[in-house]
Amino acid sequence: MPIKNRFAELQGQIAEWRRDIHAHPELRFEEHRTGALVADRLRAFGCDEVVTGVGRTGVVGVIRGRSDTKGRVIAFRADMDALPIVEATGLPHASTERGKMHACGHDGHTAMLLGAAQYLAETRNFDGTVVLLFQPAEEGGGGAKAMLEDGVMDRWRVDEVYGLHNWPGLPAGEFALREGPLMAATDFFEIEVTGRGGHGAMPHQTVDATLAGSAVVMALQQVVARNVDPLQPAVLSVCSLRTDTDAHNVIAGIARIKGTVRYLDPGVQDLIRTRIKEVAEATAQAHGATARLDYMPCVPATINTPDMAAHALAAAQAVSPGVRTDIAPVMGGEDFADMLGQRPGAFVFLGNGASAELHNPAYEFNDDAIPAGCSWFATLAETRMPLTA
Ligand SMILES: [Zn+2]
Ligand SMILES: [Zn+2]
């Protein structure tokens with residue numbers, strides 16, 4: 001039976017798992033129920049190994065093929081965590097945990113990889129080993145890094161790693177990918193501007209941290225505009241400015257600025273970090289204040305290995321009539337990048353149809369994408385590790 005037909009049969013069951021996970025969202029490194037559900041399913045499918053507690057709350061499943069003449073190992077990754085968002089879909093399977101929501105579709109990623117696992121454990125039409133990485137804490141928690149630090153790539157001798165993310169706006173079940181950079185590096189920064197607080201009517205006796213902080217926010221916008229090569233994509237966004245006062249008549253002594261930096265070329269990081277520090281310190285000084293920068297690299301750019309992007313493309317074309325390779329990189333970040341830092345591999349987008357955007361309270365994973373997503377994983381296993389006999 002063709003792979004896609006098998007998943008058309010399994011779609012209802014996989015959608016049920018997905019809705020169950022959706023109704024019980026768990027935030028980063030709290031994926032206990034989700035991890036237990038995944039481990040139970042993997043054991044029921046007859047996986048050769050199921051290991052829980054990898055990277056704190058992650059789960060690993062191992063499926064050996066009919067033969068293993070070359071010792072090849074392909075890993076597939078799905079993320080399991082939800083977001084701190086109040087769900088507004090009103091769906092029957094909406095979140096039962098107020099303030100937590102699967103608004104990035106990780107419920108769908110997890111359910112699709114479970115579906116692929118069921119098929120692969122049933123058929124085992126490959127020569128080698130499939131390793132399933134159910135990862136915690138993709139949303140800013142460093143879950144990929146946690147699994148890597150637990151040694152998943154070496155312990156199971158992984159050769160290549162693949163993953164996907166649903167993509168609103170792309171027709172359901174279609175794919176989009178590109179070789180090279182697909183998603184941006186993500187860094188966070190915080191700047192503390194220190195002045196001297198005082199009476200709102202006597203500014204001359206203070207060093208106004210609100211004014212100095214505001215000047216720093218404005219000045220930071222010159223970093224990308226005037227320092228970064230115009231042909232290098234980069235984003236610097238200040239997302240929060242808070243002071244130590246909430247009164248109408250008190251001048252603040254401290255202003256705290258938080259923001260994020262995105263770029264595709266690793267060389268841009270040093271330049272931006274250095275310029276943020278120089279601009280913040282000098283601008284604060286011009287106002288009689290001081291500034292201290294805390295710069296936190298989070299994830300590197302998601303860069304698809306050219307050969308593996310070609311394999312991912314071939315698998316997508318085998319299972320979907322719509323595959324785009326003309327897309328531009330996205331400035332959002334994805335911690336699958338950490339896995340690509342250790343092994344060659346590829347990450348692709350799977351169409352979610354005309355849904356609300358990712359991280360929106362009205363977002364919903366599209367169950368119509370399930371057969372294509374599952375088939376893509378299964379096809380990759382069978383084509384990257386073909387049976388020889
Ligand atoms: Zn997300
Ligand atoms: Zn996501």
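His359 is found in the loop between strand S16 (345–351) and helix H10 (370–384), where helices (H or I, at least four residues) and strands (E, at least two) are DSSP runs numbered from the N terminus. His359 has a positive phi of about 70 degrees although it is not a glycine. The residue is partly exposed, with 13 other C-beta atoms within 10 Å; a residue is buried if 20 or more other C-beta atoms, placed from the backbone, lie within 10 Å of its own, exposed if 12 or fewer, and partly exposed in between. A positive phi, near 65 degrees, also occurs at Phe29, likewise a residue other than glycine. Phe29 sits in the loop between helix H1 (3–23) and helix H2 (32–45) and is partly exposed, with 17 other C-beta atoms within 10 Å. Most residues other than glycine have a negative phi.

The model is predicted: local features need pLDDT of at least 70 and side-chain atom pairs count only at pLDDT 80 or more, while totals for chains, interfaces and linings use all residues. Residues are numbered from 1 along each chain as its sequence is written, and chains are lettered from A and ligands numbered from 1 in the order in which they are written.

The chain contains ten helices and 16 strands. Buried residues make up 50% of its 389 residues.

The largest nonpolar core has 109 residues, and those with the most contacts inside it include Leu113, Ala116, Val193 and Val348. Such a core is a set of buried Ala, Val, Leu, Ile, Met, Phe, Trp, Tyr and Cys residues joined through C-beta atoms within 7 Å. Domain 1 (3–181 + 301–384) and domain 2 (185–299) both give residues to this core, so it lies between them; the domain bounds come from an automatic or database domain assignment. Another core, of six residues, lies apart from it, with Ala82, Met101, Cys104 and Tyr363 among them. Leaving aside neighbours within four places in sequence, Ala116 is in contact (C-beta atoms, placed from the backbone, within 7 Å) with Phe76, Cys374, Phe377 and Ala378.

Four strands form an open antiparallel sheet in the order S10-S12-S8-S13, two strands being paired if DSSP finds at least two bridges between them. The edge strands, each pairing on one side only, are S10 (234–243) and S13 (290–299). Strand S8 (residues 185–194) pairs with S13 over nine bridges in the antiparallel sense, and Val193 has Ala291 in S13 as its bridge partner.

Key:
Two residues are in contact if their C-beta atoms, placed from the backbone, lie within 7 Å.
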